[in-house]
Each structure stands twice: as C-alpha cells, then as structure tokens.
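Hi,

Here is the structure I promised to pass on. Please have a look, then read my notes below.

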Amino acid sequence: MIAQACDLFHLCSDEVCGAVTHRLILNNPLLCSTARAGEESVGPIDVLFLVHTSLLHFEDRNLLRSTIANQSYFHPFKVRILFLLGLPTNDANSTVQSLIELEHKKYGDTLQGDFIDTYNNLTHKGVMGYRWITQYCPHVRLVAKIDDDVFVDTFKLLHRFWPVLFVAKSRAIFCNVWHNNTMTILREGKWKVNEENLQHFKYFPWNYCSGMAVFITGDLIPFLYRAAFRTPFFWIDDVYLFGMLPDVVGNVTYYDIGFSKNMSLNNEEALKCMKTQECFSTLNDCDQVCVV
C-alpha cells in the first residue's frame, strides 16, 4: 500500500499520502438544515452523533434512532445522528446494498463512501465523517463519535455535562485519553503495526482516545478534516482520527472523562437502561454518560 510507505512524522505533499477523500455513494446534505417535528426553526445543531457502524447492523441503528437520537425526547436541544458506512465486500452482494439504500431512503441518516466496509478502512470512514460535517453541518456545537454498540445517556449529556464541560469550550476533545508514550505499539495481532511504521518506537508518541465514545467541539472538525490531507494515512483509526490529526492541527485540549466515572463496560446495564421507560423521562437512572 502507498500509505504504508509514508513517513508518519513528515506531512504529505499531496493527498495520496494522506487519508484520501472518497466519493459519496449515499448522502443527505439536508440532515442538519431541515427542521424536525417540534422544532420551530433549525438553527445550529447541538449534538450530532457520528456513528461508526457495520452494514448488517440494522437493528443497532434502529435502536439508536429510537433512543439516544430521538429528537422528540430532547426539546429544546437539537439532536441529529449520522451513520457512517462503506460498501459491501463484492458486487455480488447486491442484496445488502439494496437494503442499505432502502434504509437511507426511509431515514435519510446514512452516509456511505466508495470504499469497502472493513475494519482496516475505519480511518477512511472517520475522515469521511469529518468531511461531511465540514461541508454540510459546519455549525454543529458538539460531535459525539460513537460505535454502534455504544449507548449514550443523552439526557445526562445535555443537562449535566453540557453546562459544565461543553459550553464555551473550543478546539477540545473529551474522551478516555491514552496519553503519549504510554500505549504500546503492537507488532502482532489485531492491531499490528508494520515494522516500517514508527520504527524505533515502543509506544505511540501522541495522545489519543478510546474510539468507542469521543466528544469533539464542532469548531475543531474542519481543522481535523483539512489536516487529513497532510497527514500520512494510518489504519488504526483511534490513533489517526483522535491523535495524529489533532497533533497536526495543534492547540487542541484533551479532557479525560475516563471509564471510572462516566463510562461502563457493563452490557446488561446498557440494555436495562435502554429498555426502561424511565431512562427517557428522568435524568438520574443511568449512572454513566456512556455504556457499551
């Protein structure tokens, strides 16, 4: 691959070295500019959930639509959701693509790029999301990047965290932070980094985030997108999207919201919360803002 030949510490002279922007197959440019039921006007979107999802996860997407991004629950806040997708693995799999197109026609909240939907292409998926926000939702106040198996207590996000953390913040990222020179670079296994990349390094030299739930102030997104054209491609999306790009942008502040206080890996807790009606009528039922 051309990308693997790039020196990760030298900025690109052209976009072939960086995370190339792909053609959009499915897109709704009006997602952020069209008023929903109950909204007097559109205005800036308060929270956009940017969801990395897999093609066949139809039920996961429907669950998120009906819960964390259900606009009817969160008035007067304006909430939107955008699901990021690639293409099926081969042309013969036309049934899957047809179902995705029907889903897009019904909900208008999917964004599909012209690349194969694989784990190694998550960086392309994330940069595609940055591009879309820059072009079609530039005034969003907060971007909540999540995976499709992550549940966010949107009430707590808006009513507790919003006034304390997000208001008046700029060029900021809120996440579970892995600090520079603490996370080991693996040379084998699922997150294998080839020897020609980051030679002589034992640890990643950037701060970056656990990608399952990352909250980014909207003003930072266009800078991150433009940085992708100059930053050598790296396939581990958490490192690239929330580490390398902010490092190139500069003057970005990380706020560590951590697993211990605001996140949980308890699956049963998430399901219980989602299935309990009170979770969407009070602010106190879910202890964490994020549950996987």
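This is a predicted model: local features need pLDDT of at least 70, side-chain atom pairs count only at pLDDT 80 or more; totals for chains, interfaces and linings use all residues.

Helices (H or I, at least four residues) and strands (E, at least two) are DSSP runs, numbered from the N terminus.

Residues are numbered from 1 along each chain as its sequence is written, and side-chain values use heavy atoms, with hydrogens and water left out.

The overall picture comes first. The chain has 8 helices and 13 strands. Of its 292 residues, 53% are buried (under 20% relative accessible area; exposed is over 50%, partly exposed in between, with a 1.4 Å probe and protein chains only). Contact means heavy atoms within 4.5 Å. Take contacts between residues at least 6 apart in sequence: 80% of them join residues at least 24 apart.

Now helix α2. Which residues of α2 are buried? They are V96, Q97, I100, E103 and H104. They sit on the same side of α2, because they cover an arc of only 120° around the axis (the arc is that of the directions from the helix axis to the C-beta atoms). An α-helix has 3.6 residues a turn, so residues three or four places apart point the same way. The buried residues of α2 pack against β1 (24-26), α1 (58-66), β3 (79-87) and β4 (110-116). On the other side of α2, T95, L102, K105 and K106 are exposed. Just after α2, G108 has a positive phi of about 65°.

Next, two helix pairs. Axes are lines fitted to C-alpha atoms, for helices over the stretch in contact, and angles run from 0 to 180 degrees between N-to-C directions. Angles under 35 degrees count as roughly parallel, over 145 as roughly antiparallel, 65 to 115 as roughly perpendicular and the rest as oblique.

The axes of α1 and α2 come within 12 Å and cross at roughly 10°. That makes α1 roughly parallel to α2. F58, R61, N62 and R65 of α1 meet L99, I100, E103 and Y107 of α2.

The axes of α3 (residues 122-136) and α6 (residues 237-249) come within 8 Å and cross at roughly 45°. The two are therefore oblique to each other.

Best wishes
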